[in-house]
Structures are given as structure tokens and as C-alpha cells.
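Student: I would like to go through the salt bridges and test each label against its cut-off. Please show me the model.

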Amino acid sequence: MTDPNLDLQESGWEELRKDARKIEGDLDVKLSSYAKLDTGSPTLGSSRSWKSMEIEIQSLLEKLLDINDAMSRCAASAAPTTSVTQKLARHRDILHEFTQEFRRIKGNISSMREQAELLSSVRDDISEFKASGGMSPRMQLLRERAAIHGNIAHIDDVINQAQTTRAVLGSQRALFGDVQGKVKVLSDKFPVIRGLLGT
């Protein structure tokens, strides 16, 4: 019977683990640097640095995923021991943690960049407004949009009033119909009342 550790060594398990640990170390350093962009405000000018860092981290995550897959195949081809299974699970956990951290930081940075772009756009609009002495096209559109929403709200009020009036008139019509029916019954029973009503 062959030694499982020998089988793993022959299949390259230790070499793969060494590569995985190296990439995990690189990812740890890169994610720490990337996270510093999250605490600052990534300006539009720094887009090359954060984008290139993003691409590097994505590439390292893909390499680590490939190495984890190769370690799984390697462990499956030999007789896996509990120790090997635990080490493989730990490497998968590390990959998962790094992937989640990368997504979280990337989302935060994207939000901060959108806010910075919006703020910059608003400042540009204000500067343009002050420089031109009038309204910028964007401000005019926003003003028109607000006016349209105000008109729509007014139209809704008028429609609601009309529907309420229609409902009241409908109930009055039903009431008058009932009264007319009762008067007709009375006039049929009492001809004197019919004479008074002139029907």
C-alpha cells in the first residue's frame, strides 16, 4: 500500500499549496492597499490607480480559484486524509473571505466615486449658473420637471373632486328616484294627492 503523503507530493500538492499561500499573501497586501482607497475619497484623477489595482486583485482571485481547483483534483486523485481535507477547506475559506472583502470594498469605492461625480456635476452646474447669469439647461429641466409634477398633482386633485361629486350626484339621484316612487304610490292610492301634485 502506498503512502498518501507520497502520492500527494508526486501529484504536486505541496507545490500547489506553496503557490496558494503566496497568492493569499499577495492578495492580503493588495486588499489592504485597496481598502485605503475606501477610507479616502477616490478622485476622478486617481481612477487609473484604483482600476489597475482592481484588475490585479481580480486576476489574483482567479488564479487562487484555479489553484484551489487544482488542489481539489490533486487531493481527489490521491487518498485524501483528514489533514488534507482540512487544509483544502481552509484555502477555500480564505478565497471566499478575500472575494467577499473585495466585493465589499469595490462597492464602497463605486458609491464614493458616484457621489464625487455627482457633487462635481452639481458644482459645475452652480458655477455655470453663476457665470451665465441664468439657468443651466439641467437646472431648467429640473425646474420644468418640478412644474410638471405640480400640475399632475393639481390634475389628480381635480379628478378626485370630480369623482367625489359624481358619487354624491349618483346617491342624490337614487334618493330622488326613491322619493318619486313613493309619491307615485301615494298618488295612486289617494286621488286627492294626485290632484294637488297635478300629475
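Tutor: Start with exposure: buried means under 20% relative accessible area, exposed over 50%, and partly exposed in between (1.4 Å probe, protein chains only). The model is predicted: local features need pLDDT of at least 70, side-chain atom pairs count only at pLDDT 80 or more, and totals for chains, interfaces and linings use all residues. Residues are numbered from 1 along each chain as its sequence is written, and side-chain values use heavy atoms, leaving out hydrogens and water.

Student: What makes K184 exposed?

Tutor: Its relative accessible area is 53%, which is over 50%.

Student: Why is the contact between D188 and K184 called a salt bridge?

Tutor: A salt bridge needs a side-chain nitrogen of Lys or Arg within 4 Å of a carboxyl oxygen of Asp or Glu. D188 and K184 have an N to O distance of 3.8 Å, so the pair qualifies. The structure holds seven salt bridges.

Student: How do you know that D188 and K184 are about one helical turn apart?

Tutor: They are four residues apart in helix 5 (residues 137-189). Helices are DSSP runs (H or I, at least four residues), numbered from the N terminus.

Student: What makes E101 and R104 a salt bridge?

Tutor: Their N to O distance is 2.8 Å, so they meet the criterion. E101 is partly exposed at 30%, and R104 is partly exposed at 42%.

Terms used
Helix = DSSP H or I, 4+ residues; strand = E, 2+ residues; numbered from the N terminus.
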